[in-house]
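Please open the structure in your viewer and keep the sequence at hand.

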Amino acid sequence: MNVLAMVREEFNVDADRIYLTGHSMGGAGTFFLGSRHADIWAAIAPVAPAAFAMTDNRAEILGRLDEAGVPVMVVRSEEHTSELQSQFRISYAVFCLKKK
């Protein structure tokens, strides 16, 4: 968050177009930071968020995003998608990567 603050101070940043994404552990961090600072993001896009399904407070994290109206696009492998969809009842897009 310190780097974001530095960039916003140094450059002309459109506050309505700040997006957050991350892959694997960064994907889990995307959920965490996205919910913790939901007022900042135009949208978040966690990619293959590692360990997120094992987090006990995942409903709370997603609830904060939903309450703030933050669009969420989750990219997961096909084998993990149904698990994610069945655990969370909020609106988000899930893109699946299928194996050939």
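**A guided tour of the model**

Begin by selecting W41, which, leaving aside residues up to four places away in sequence, touches M1, L4, I18, Y19, L20, L33, G34 and V70. Please bear in mind that this is a predicted model.

Now turn to the surface and select V3, V7, F11 and V13. These residues form a nonpolar patch there, and their accessible area together is about 350 Å². Is F11 buried or exposed? F11 counts as exposed because its relative accessibility is 55%, and the cut-off for that class is over 50%.

The tour continues with two backbone positions. Select S24, located in the loop between β1 and α2 (25-36). Although S24 is not a glycine, its phi is positive, at about 60 degrees. The relative accessible area of S24 is 29%, so the residue is partly exposed.

Finally, select A48 in the loop between β2 (43-47) and α3. What is the phi of A48? The value is near 45 degrees, which is positive in a residue other than glycine. A48 counts as partly exposed, with 32% relative accessibility.

How values were computed: Residues numbered from 1 in each chain as written. Predicted model: local features only at pLDDT ≥ 70, side-chain atom pairs only at ≥ 80, totals over all residues. Heavy atoms only, no water. Contact = heavy atoms within 4.5 Å. Patch = residues over 30% accessible without salt bridge, like charges linked within 9 Å, V, L, I, M, F, W, Y side chains within 5 Å. Areas by Shrake-Rupley, 256 points an atom, 1.4 Å probe, with all protein chains shown as cover. Salt bridge = Lys/Arg side-chain N within 4 Å of Asp/Glu carboxyl O. Buried < 20%, exposed > 50% of the residue type's maximum accessible area, 1.4 Å probe, protein only. Helix = DSSP H or I, 4+ residues; strand = E, 2+ residues; numbered from the N terminus.
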